[in-house]
Amino acid sequence: MTMLAIGGAVGAGLFVGSGAVIGTAGPAAVISYAAAGVLVLCVLRALGEMVVARPVAGSLAEYARMALGPFAGFTIGWLYWYLYVILVGAEATAGAAILAGWIDLPQWFLAAALLVVMTAVNLVSVRSFGEFEFWFASIKVAAILVFLVLGVLWVTGLWPHSPGGLNVLTGHGGFAPNGVKAIFTAIVAVMFAFGGTEIVTVAAESDEPGRAVAKATGNVLYRVALFYVLSILLVVSILPWNDAKVLTSPFVSALDRLDVPAAGTVMQAVILTAVLSVLNSAIYVSSRMLYVLTRDGDAPAGLVRLNRRGVPVRAILLGTVAAWAAVIASYTSPDQVFKFLMNSIGVVLAFVYLAIMFSQLRLRARLQREDPGSLTYRMWLYPYLSWLVIAALLAVLVSMALMHAQRSQLIASLVSLAVVAACYPLRVRFGRKPPVTAPSTPAKAP
């Protein structure tokens with residue numbers, strides 16, 4: 001479970017997307033990553049409190065249902081499923097683009113092959129998913145640790161031909177060359193780079209969900225500090241922040257500066273591993289969320305069936321089939337349909353995080369009255385920190401509305417939220433059973 005949490009926190013966004021953040025904030029991108037990491041850590045802590053007190057499969061939707069009612073459970077569940085279904089298609093497309101540089105086959109064929117392979121992994125058993133994710137995460141962690149060691153050797157002057165010191169960090173316009181505003185602007189983009197940490201709540205399928213989730217969430221701060229903040233700090237200490245190579249591929253460029261042999265090829269392999277890791281997790285998470293929606297009557301009853309290994313085969317296959325829409329759009333209409341699909345999930349995590357925080361506030365108050373003994377893993381500084389996190393998340397959304405580059409994502413994501421919410425009356429009228437608030441008693445996950 002610890003490696004699953006690492007896999008969720010460390011994705012291709014760190015290896016590639018960090019270049020755009022550095023271009024926005026300069027070396028002060030380190031502060032942007034640290035601030036966004038603390039914000040997401042608080043959300044994860046609030047979620048962990050609920051998971052430990054009431055371990056239940058599909059926790060994101062179930063806690064919204066418990067605390068805020070069936071409409072919230074329906075909306076958050078389907079939004080989260082939609083998010084990961086689109087991610088399946090996007091990651092398959094990204095992985096195919098990397099493989100195309102090594103294998104002389106059409107990219108659509110490579111994307112299809114990746115979808116088939118990762119779907120097969122998830123169809124075998126929960127254990128096979130976990131084992132693949134463990135090794136994917138291990139490769140990413142090993143790559144980052146090697147980079148950290150090499151970077152520290154360079155900065156301390158112990159690497160051959162290294163000048164040593166931190167002159168590069170402040171020698172190109174200062175630590176915050178674009179001002180304080182750029183640091184906060186970068187936080188908006190960085191916050192969503194941490195998306196995936198919340199999937200650690202699938203520990204509800206383990207034998208001891210409370211202890212597993214508490215251990216995994218308790219270590220997130222150290223992972224954020226080590227993998228994101230320190231690695232970005234080393235990148236901007238090795239190369240000038242405004243170097244064009246840093247903006248496009250920061251880690252490869254830094255390793256090239258160190259004259260590491262075959263750095264580009266090795267990092268491409270690591271990035272492919274990160275893509276496959278997200279693809280593997282996205283298939284798993286989308287299928288489990290759909291299973292929970294089915295169990296609660298928010299999706300067709302036939303999808304709830306499990307095979308003899310406890311795998312929701314139909315839910316997995318439906319998610320994979322739906323992901324094909326994104327894959328097809330990425331090749332037939334990359335600048336319109338696919339761009340809209342990606343924008344439509346850009347802020348969904350912010351909606352989910354807000355639902356988590358409001359659910360924690362309501363459920364914590366209820367548990368303190370009814371079952372205080374279950375609160376063995378608590379949110380810090382309740383309720384003040386919870387409200388502060390909510391205010392910060394709302395500030396992020398307001399900031400996106402005021403930023404031209406981010407506004408399209410906010411609008412498209414609001415459209416996806418509106419579409420899902422508009423479907424709820426249909427669920428009430430035609431659902432196989434009336435919508436009910438989830439029980440607040442512990443439930444054994446499938």
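This is a predicted model: local features need pLDDT of at least 70, side-chain atom pairs count only at pLDDT 80 or more; totals for chains, interfaces and linings use all residues.
**Entry 1. Helix H14**

I began with helix H14, residues 263-295: at 1.5 Å a residue its 33 residues should span 48 Å, and the end C-alpha atoms are 48 Å apart, which agrees. The expected span is 1.5 Å times one less than the number of residues. I took helices as DSSP runs of H or I of at least four residues, and strands as runs of E of at least two, numbered from the N terminus.

Residues are numbered from 1 along each chain as its sequence is written, and side-chain values use heavy atoms, with hydrogens and water left out.

Of its 33 residues, 27 are buried, so H14 is largely enclosed by the rest of the structure.

I also checked both sides of the helix. In the loop between H13 and H14 lies Ala262, whose phi is near 55°, a positive value in a residue other than glycine. Just after H14, Gly297 takes a positive phi of about 85°.

I counted salt bridges (a side-chain nitrogen of Lys or Arg within 4 Å of a carboxyl oxygen of Asp or Glu). The structure holds 8.

I first examined Arg295 and Glu62, whose side chains meet in a salt bridge at 3.3 Å, N to O. Arg295 lies in H14 and Glu62 in helix H4 (residues 59-68), so the pair ties together parts that are 233 residues apart in sequence. Arg295 is partly exposed at 26% relative accessible area, whereas Glu62 is buried at 4%.

I next followed Asp298, which forms a salt bridge with Arg65 at 2.3 Å, N to O. This pair links distant parts of the chain, with Asp298 in the loop between H14 and helix H15 (313-332) and Arg65 in helix H4, 233 residues apart. Asp298 is buried at 6% relative accessibility, and Arg65 is buried at 1%.

Asp298 also meets Arg427 in a salt bridge at 2.5 Å, N to O. Since Arg427 lies in helix H20 (residues 424-430) and Asp298 in the loop between H14 and H15, the pair ties together parts that are 129 residues apart in sequence. Arg427 counts as buried at 5% relative accessibility.

I recorded the whole group: Glu62, Arg65, Arg295, Asp296, Asp298 and Arg427 are linked in a network of salt bridges.

**Entry 2. Aromatic pairs**

I searched for aromatic pairs (rings of Phe, Tyr and Trp, the last by its six-membered ring, with centres within 6.5 Å; planes under 30 degrees apart are stacked, over 60 edge-to-face, the rest tilted). The structure holds 10 of them. One of these is Trp108 with Phe109, edge-to-face, 6.0 Å centre to centre and 85° between the planes. Trp108 is exposed at 52% relative accessible area; Phe109 is partly exposed at 39%.

I then turned to Phe147 and Phe251, whose ring centres are 4.8 Å apart with planes at 50°, so the pair is tilted. Phe147 belongs to helix H7 (residues 126-155) and Phe251 to helix H13 (residues 250-257), distant parts of the chain that are 104 residues apart. Both Phe147 and Phe251 are buried.

**Entry 3. The loop between H17 and H18**

Most residues other than glycine have a negative phi, and most peptide bonds are trans. Leu381, in the loop between H17 and H18, has a positive phi of about 50° although it is not a glycine. Leu381 counts as exposed, at 64% relative accessibility. A cis peptide bond joins Tyr382 and Pro383, with omega about 0°. Pro383 lies in the loop between helix H17 (348-370) and helix H18 (384-402).

I also looked for charges over rings (NZ of Lys or CZ of Arg within 6 Å of the ring centre and within 35 degrees of the ring normal). Arg364 lies over the face of Tyr382, at 4.2 Å from the ring centre. Arg45 lies over the face of Tyr377, at 4.0 Å from the ring centre.

Definitions and conventions. Buried means under 20% relative accessible area, exposed over 50%, partly exposed in between (1.4 Å probe, protein chains only).
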